[in-house]
Amino acid sequence: MGQNHVRYIPLCPVDHEPIPPAVKDRMDQAFRIISMSQYGERELKRVGLHSTYIPHTVDCQLFKKLGEDKSVYKKMLGIPEDHFLFGMIAANKDNPPRKGFQHAMDAFKVFHDKYPKSSMYFHTQPRQAGGFQIEEYAKVLGYGKDIFFPLPYNLLFKIQPDDMVKIFNAFDCLLHPSTNEGFGICQIEAGACEVPVIANDFTAMRDLVINGETGYKVKVREKRFTLLGSYIGIPDVDDLTEKMLKIYEDDRVTMGVNARKFVLDNFDLPLVWNGAWKPF
């Protein structure tokens with residue numbers, strides 16, 4: 001190409017279903033396209049565009065199951081050591097919440113009524129301007145004392161990757177019922193720490209869970225058309241509740257081991273760097 005031309009090589013997230021027309025139009029102009037998810041690669045191929053699949057990664061030497069019991073890390077977060085803990089790692093910046101906060105909290109209401117020794121940890125800003133009012137909604141549902149957050153200053157400035165490993169090790173299960181995702185990095189970080197995941201069966205999230213082996217996929221109740229000219233998927237709260245109750249009763253240790261193997265085989269940093277990025 002000439003000196004004045006730019007080789008436009010986007011790392012393309014596809015977080016609606018089907019691929020939005022505006023995203024396809026921009027990919028039509030690309031010199032090469034990198035798909036960060038298998039779902040995105042499939043959608044681009046469906047509309048006649050070739051892409052190279054190179055997923056996000058996780059450093060499995062850092063993100064792993066730690067030696068101490070989960071109760072140690074729950075105590076570190078100020079959570080009762082004998083509580084079953086669901087965790088969410090998600091930005092709280094829109095309402096209705098794209099990350100599925102309300103759906104997760106509605107499902108947890110049923111779970112908590114049956115198993116009162118349970119809590120939710122939200123790694124997010126609970127009172128973010130324009131976001132979902134998590135604390136207020138927990139009060140409405142009647143379990144405000146059993147939700148937990150990091151201190152806002154710590155969240156923004158102090159928590160480092162090795163701290164996140166400890167946080168994941170406190171979780172009994174990661175909840176990720178987002179309405180749409182271009183990938184879902186918290187899913188592979190949780191898996192690397194041997195934490196099973198419950199995620200929405202939509203866009204890129206579906207490819208990061210082996211249903212019944214590394215966690216569970218939640219049915220989509222309905223699709224909602226957005227300004228991008230495509231759909232997001234609203235998770236079914238009843239099915240999410242069922243999967244939360246089910247994972248409490250399952251062999252989570254085996255699921256966690258399966259989850260780490262899945263991450264090691266597909267998303268470990270050296271694997272993706274040497275096997276995909278270097279050749280590209």
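**A conversation about the model**

Author: This is a predicted model. Let us start at the surface: helix α11, residues 269-277, supplies the largest share of the nonpolar patch, namely 3 residues.

Reader: Which residues make up that nonpolar surface patch?

Author: The patch is made by Ile9, Leu11, Leu269, Trp273, Trp277 and Phe280, and its area is about 540 Å².

Reader: Where does Trp277 lie, and why does it count as partly exposed?

Author: Trp277 lies in helix α11. Trp277 counts as partly exposed because its relative accessibility is 32%, and that class runs between 20% and 50%.

Reader: Let us turn to charges. How many salt bridges does the structure hold?

Author: The structure holds 17 salt bridges. In general, side chains of opposite charge can pair when their charged atoms come close. One of the bridges joins Lys99 and Glu181, with the closest N and O atoms 2.6 Å apart. This pair links distant parts of the chain, as Lys99 and Glu181 are 82 residues apart. Lys99 sits in the loop between β4 and α4, whereas Glu181 sits in the loop between β7 and α8.

Reader: Is Lys99 buried or exposed, and what about Glu181?

Author: Lys99 counts as buried because its relative accessibility is 11%. Glu181 is buried too, with a relative accessible area of 7%.

Reader: Which residue meets the side chain of Asp28 in a salt bridge?

Author: The partner of Asp28 is Lys24, at 3.0 Å from N to O. Asp28 is partly exposed, at 41% relative accessible area, and Lys24 is also partly exposed, at 24%.

Reader: And which residue forms a salt bridge with Glu222?

Author: That is Arg221, and the closest N and O atoms of the two are 3.4 Å apart. Glu222 is partly exposed at 36% relative accessibility, and Arg221 is partly exposed at 44%.

Reader: Which residues are linked in a network of salt bridges?

Author: The network links Glu17, Asp201, Arg206 and Lys223.

Reader: Which residues cover each side of β5?

Author: Let me put that in terms of the strand's own residues. Ser118, Met120 and Phe122 are on one side of β5, Ser119, Tyr121 and His123 are on the other, and all are buried. In a regular strand the side chains alternate between the two faces of the sheet.

Reader: In which sense do β4 and β5 pair?

Author: They pair in the parallel sense, over 6 bridges. Within this region, Ile89 stands opposite His123 in β5.

Reader: What is the order of the open sheet of 3 strands?

Author: The order is β1-β2-β3, with parallel pairing. β1 and β3 stand at the edges with a single partner strand each, so one side of each is left without a neighbour in the sheet. Strand β2 pairs with β3 over 2 bridges, and Ile34 stands opposite Thr52 in β3.

How values were computed
Residues numbered from 1 in each chain as written. Predicted model: local features only at pLDDT ≥ 70, side-chain atom pairs only at ≥ 80, totals over all residues. Heavy atoms only, no water. Patch = residues over 30% accessible without salt bridge, like charges linked within 9 Å, V, L, I, M, F, W, Y side chains within 5 Å. Areas by Shrake-Rupley, 256 points an atom, 1.4 Å probe, with all protein chains shown as cover. Salt bridge = Lys/Arg side-chain N within 4 Å of Asp/Glu carboxyl O. Helix = DSSP H or I, 4+ residues; strand = E, 2+ residues; numbered from the N terminus. Buried < 20%, exposed > 50% of the residue type's maximum accessible area, 1.4 Å probe, protein only. Pairing = 2+ DSSP bridges.
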